[in-house]
Amino acid sequence: MQIFGVDIGGSGIKGAPVDLDRGDLAQERCKVLTPHPATPDGVADGVRQVVEHFGWTGPVGLTFPGVVTDGATVRTAANVDKSWIDTDARALFSERLGGLPVTVVNDADAAGVAETHFGAGRGRKGTVILLTFGTGIGSAVFTDGVLVPNTELGHLELDGHEAEKRASSKVKDDHDMSWEHWGHRVKKYLAHVEMLFSPELFIIGGGVSRKAQKFLPYLDGLRAEIVPAELQNNAGIVGAAMRAAEDHGQRAAD
Ligand code: BGC
């Protein structure tokens, strides 16, 4: 079965049809630049371009970098235009896509769903936490494979600041930090999350997961196992399609 997945990020809007049996893209993905400011109208236009590129006419799952309730309504917008708050994103995207059935999900939750099913968290019991390090820090918390949605652990306080303002990969880049310096901050953050949740496994996602060997050595001394994400750039697209399949699977193309 195939469903279309779209990942809305700070720099790009990326999408492709997803093969849900393999948990992988069925075709090479298409990417357009995220407009700045990233307003609902501008982003919806970018989404339309990506979906139209494939002539897709079935259900579409989309990620969003903020809290999303009921697969529809955006509740927070830490790193995107504030006019998103309380927008019915499902209605907006569906209307812009000519009435296609749409599901919207938090970006880290989507990546976590894909990783626990097809990637680094496959078959793992107990508490598993995926953290994505990018413009912000996203989180997805699972117990025995079941997601607790919209956990927002990137906004926990660390040293008197929001954790994502201390330890995101954007902060590393903006301050030209060494892997060691950044690694120590991430370790302190993980220790804090571990104190609260005692997970068996941390999965580290986001662009940095490709460079895990550069910082994993600094994340020693925690009880939990720590592994890089496996689906890397495609986790959001795959996870968004999986969530849309739960909502609209009966209308999918075989
Ligand atoms: C947002 C989260 C999002 C994360 C990663 C945070 O600022 O509040 O909802 O998952 O960034 O994009």
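The model is predicted, so local features need pLDDT of at least 70, side-chain atom pairs count only at pLDDT 80 or more, and totals for chains, interfaces and linings use all residues. Residues are numbered from 1 along each chain as its sequence is written, and side-chain values use heavy atoms, with hydrogens and water left out.

I start with the domains. The protein is divided into domain 1 (2-107) and domain 2 (120-229), with bounds from an automatic or database domain assignment. Their contact, meaning heavy atoms within 4.5 Å, takes 7 residues from domain 1 and 7 residues from domain 2. The C-alpha centres of the two domains lie 24 Å apart.

Next, the polar contacts, which are pairs of N or O atoms within 3.5 Å. In the side chain of Glu 152, an N or O atom is 2.5 Å from an oxygen atom of the ligand. For Asn 106, a polar side-chain atom lies 3.0 Å from a ligand oxygen. Gly 66 uses its backbone: an N or O atom there lies 3.4 Å from an oxygen atom of the ligand.

Last, burial. Taken alone, the ligand exposes 310 Å², by the Shrake-Rupley method with a 1.4 Å probe. The protein buries 94% of that area.

Terms used:
A polar contact is a pair of N or O atoms within 3.5 Å; within protein, one must be able to donate a hydrogen and the other to accept it, and residues adjacent in sequence count only if both atoms are side-chain atoms.
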